[in-house]
Amino acid sequence: MSIILHPTYFPNLAHFVAMVKAKTVLFEAQDNFVKQTYRNRAYIYGANGKLSLNIPVIYSQKNRQKYRDVKIFNETKWQSLHWKSLLSAYKTSPFFEYYEDELYPLFHSKEDYLLDFNFKCLEVTCECLQLALNMFKTERYVSSPEDTIDYRDLVNAKKESPQTFDSYTQVFHSKHGFISNLSILDLLFNEGPNALNYLESQTLTTL
């Protein structure tokens, strides 16, 4: 099975469930950038519940801009804020220290382009999961690709996700209950080496 989907910021579980079950993963690299999507957003589980981490970008809605050309607005200290949020949310989780050294450089070295940064995050995450993806990037935009399951709609952060996955123990579970389909980081920090087995056991709801 071949799939196509957007590279996003520390993809949520729906993206990863789709990827681990695919024979070939094709990443859309020729689309236009759209705001309020997972391209520059990830959700984690903070002390007060679901917390959004947003990467600020330099973008004008007046002119269509390719995703690959969108630059990160590095004048703000967004990386420091995201890292502090992760520390606050997961420093007491079972496996945060296990993966901390691999993830730390992503939040302490400057990256100019959003798409490049998202691919770096994906690469590091796959290393943590010990997941080898047979992945490619699109060379042109195709609205209805043949012989490929189209999961590009998973990128829509505004649309309420129909994805519900099996519960696992989360740091603030006793406060707010289980929150499904968060960033892969939530699963990684809480389940550690078992994260890949978890992803393989889940079923993706048809969009």
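A contact is defined as heavy atoms within 4.5 Å. The model is predicted: local features need pLDDT of at least 70, side-chain atom pairs count only at pLDDT 80 or more, and totals for chains, interfaces and linings use all residues. Residues are numbered from 1 along each chain as its sequence is written, and side-chain values use heavy atoms, with hydrogens and water left out.

**Figure 1. Overall fold of the chain.** The chain holds seven helices and eight strands; helices (H or I, at least four residues) and strands (E, at least two) are DSSP runs, numbered from the N terminus. The radius of gyration is 16 Å, close to the 17 Å that the globule rule gives for 207 residues, so the chain is as compact as a globular protein of that length. This radius is taken over C-alpha atoms, and the globule rule is 2.2 Å times the number of residues to the power 0.38. Along its principal axes, the C-alpha trace spans about 45 × 40 × 30 Å. Of the contacts with a separation of 6 or more, 70% involve residues 24 or more positions apart.

**Figure 2. Burial and surface of the chain.** Buried residues account for 50% of the 207 residues, where buried means under 20% relative accessible area, exposed over 50%, and partly exposed in between (1.4 Å probe, protein chains only). The chain exposes about 10,800 Å², of which carbon and sulfur atoms supply 46%. Accessible areas come from the Shrake-Rupley method with a 1.4 Å probe; for residues, only the protein chains shown count as cover.

**Figure 3. Surroundings of Asn12.** Asn12 is placed in the loop between strand 1 (2-5) and helix 1 (13-20). With 6% relative accessibility, Asn12 counts as buried. Leaving aside residues up to four places away in sequence, Asn12 touches Tyr38, Asn181, Leu182, Ser183 and Ile184.

**Figure 4. Aromatic pairs.** A search of the whole structure finds 18 aromatic pairs. Rings of Phe, Tyr and Trp (its six-membered ring) pair if their centres lie within 6.5 Å; planes under 30 degrees apart count as stacked, over 60 as edge-to-face and the rest as tilted. Tyr38 and Tyr43 form an edge-to-face pair, 6.1 Å centre to centre with 80° between the planes. Tyr38 is buried at a relative accessible area of 9%, and Tyr43 also counts as buried, at 17% relative accessibility. Trp78 and Phe117 form another edge-to-face pair, with 5.6 Å centre to centre and 85° between the planes. Trp78 lies in helix 2 (residues 78-90) and Phe117 in helix 4 (residues 114-129), so this pair ties together parts that are 39 residues apart in sequence. Both Trp78 and Phe117 are buried.

**Figure 5. Aromatic cluster.** One aromatic cluster is formed by Tyr9, Phe10, Trp78, Trp83, Tyr90, Phe96, Tyr104, Phe107, Phe117 and Phe189.

**Figure 6. Residues with positive phi.** Most residues other than glycine have a negative phi. Gln36, although not a glycine, has a positive phi of about 60°. Gln36 lies in the loop between strand 2 (24-27) and strand 3 (41-46) and is partly exposed, with a relative accessible area of 41%. Gln130, likewise not a glycine, has a positive phi of about 60°. The place of Gln130 is in the loop between helix 4 and strand 7 (135-137), and Gln130 is exposed, its relative accessible area being 71%.
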